[in-house]
Amino acid sequence: MDMALTFFYVFLFASVIFAVEAAWLWWQARHGGSSRRIARRLQLMSGRADGAERISILKQRRYAASPLLEDWLRRIPRMAVLDRWLMQSGQAWQVGRFLAAWAALVIVSWSLLAMLSVPLLAFLVMGGLCAAAPMALLFHLRAARLKKILEQLPDAADFLSRALRAGHSFANVLQMAGHELPEPIGGEFRTCYEEINYGVPMNEALHNLAIRIPLTDLRYLVIAVLIQRESGGNLAELLGNISRMTRARLKLVGQVRVLSAEGRLSAWILATLPVGVAAVMSITSPKYIGLLWTDPAGPKLLWYAAGGVLFGVLWMRNTIRIRV
């Protein structure tokens with residue numbers, strides 16, 4: 001009886017384990033992440049993808065919410081360039097909102113500097129830095145997004161090449177890339193496909209893709225597609241070559257950054273060392289360094305030193321910045 005009861009308990013335990021495993025496998029097959037990806041890919045292959053992420057049918061980007069401000073901004077030629085920078089940075093801000101935030105920052109910062117009664121030269125320098133901060137932030141966001149797209153481009157070219165070898169049309173491949181590839185490059189391919197879906201010629205949609213992403217490697221990809229459409233050829237092989245070329249260039253860029261790391265570190269040390277030494281001496285020997293603030297020649301020497309440091313940083317930045 002003890003042996004039979006033991007076998008019964010073992011059989012009951014194994015049955016419970018198998019039942020839980022079966023329930024888990026059923027749930028994964030019906031509602032798991034892999035099943036959702038497979039279902040989405042089947043939808044894309046059959047051309048029945050949902051339109052939840054479609055772009056607006058109005059292709060022209062608005063500069064401002066107000067019609068009067070919109071008309072006024074469109075009369076200024078350089079606003080189109082600013083709107084393109086905002087689009088390339090991936091920000092949803094309109095030109096009018098960006099300019100309003102910029103003006104508010106300049107007014108607030110200059111008012112604070114005027115209330116502090118700083119010297120005229122310091123007011124001009126600090127006010128200029130505050131005025132240039134929004135554009136510097138915009139350029140930083142734009143450069144970071146373009147760098148991320150460049151890192152994703154080899155995998156995207158391999159994805160397009162494999163899908164073409166599988167027998168899909170190029171428009172269908174763009175749709176699949178828009179849904180399968182990660183952001184931000186996936187969103188750009190999705191926008192390109194939606195433009196074609198709304199009736200824009202494929203050549204124009206690819207040109208718009210190259211305008212939104214001003215990268216040389218992506219332009220190679222666009223040119224390869226356009227040439228293949230005009231003269232024929234193995235587009236899958238061309239995309240594979242572009243992927244290998246981009247990976248090799250990124251590898252070379254990484255090697256250059258490693259070799260120039262010492263120069264960048266030297267630039268940081270030389271730029272921050274005077275400020276650090278001045279801060280330490282202000283704590284340890286305030287009377288000794290206090291002559292820089294009390295003597296009339298002290299502020300002039302500080303401005304000359306700041307100019308020299310800035311010139312040296314720019315010089316070293318130009319020296320170690322190697323285009324590949």
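Predicted model: local features only at pLDDT ≥ 70, side-chain atom pairs only at ≥ 80, totals over all residues.
Author: Residues are numbered from 1 along each chain as its sequence is written, and side-chain values use heavy atoms, with hydrogens and water left out.

Reader: Why is the pair Asp 155 and Arg 247 called a salt bridge?

Author: The term asks for a side-chain nitrogen of Lys or Arg within 4 Å of a carboxyl oxygen of Asp or Glu, and because the N to O distance between Asp 155 and Arg 247 is 2.6 Å, the pair qualifies. Asp 155 belongs to helix H6 (residues 120–165) and Arg 247 to helix H11 (residues 235–259), 92 residues apart, where helices are DSSP runs of H or I with at least four residues, numbered from the N terminus.

Reader: What makes Asp 155 partly exposed?

Author: With a 1.4 Å probe and protein chains only, buried means under 20% relative accessible area, exposed means over 50%, and partly exposed lies in between; Asp 155 has 46%, so it falls in the middle class. Arg 247, at 35%, is partly exposed by that definition.

Reader: How do you know that Arg 212 is buried or exposed?

Author: Its relative accessibility is 7%, and therefore Arg 212 counts as buried. Glu 188, with a relative accessible area of 7%, is buried, and Glu 195 is buried with 6%.

Reader: Which salt bridges does Arg 212 form with Glu 188 and Glu 195?

Author: Arg 212 meets Glu 188 at 2.7 Å, N to O, and the closest N and O atoms of Arg 212 and Glu 195 are 3.4 Å apart. Salt bridges that share partners join Arg 145, Glu 188, Glu 195 and Arg 212 into one network.

Reader: Why is H10 called roughly antiparallel to H11?

Author: Helix H10 (residues 216–231) and H11 pack at an angle of about 165 degrees, with their axes 10 Å apart. The axes are lines fitted to C-alpha atoms over the stretch in contact (heavy atoms within 4.5 Å), and angles run from 0 to 180 degrees between N-to-C directions. Angles under 35 degrees count as roughly parallel, over 145 as roughly antiparallel, 65 to 115 as roughly perpendicular and the rest as oblique, so H10 is roughly antiparallel to H11.

Methods: Helix = DSSP H or I, 4+ residues; strand = E, 2+ residues; numbered from the N terminus.
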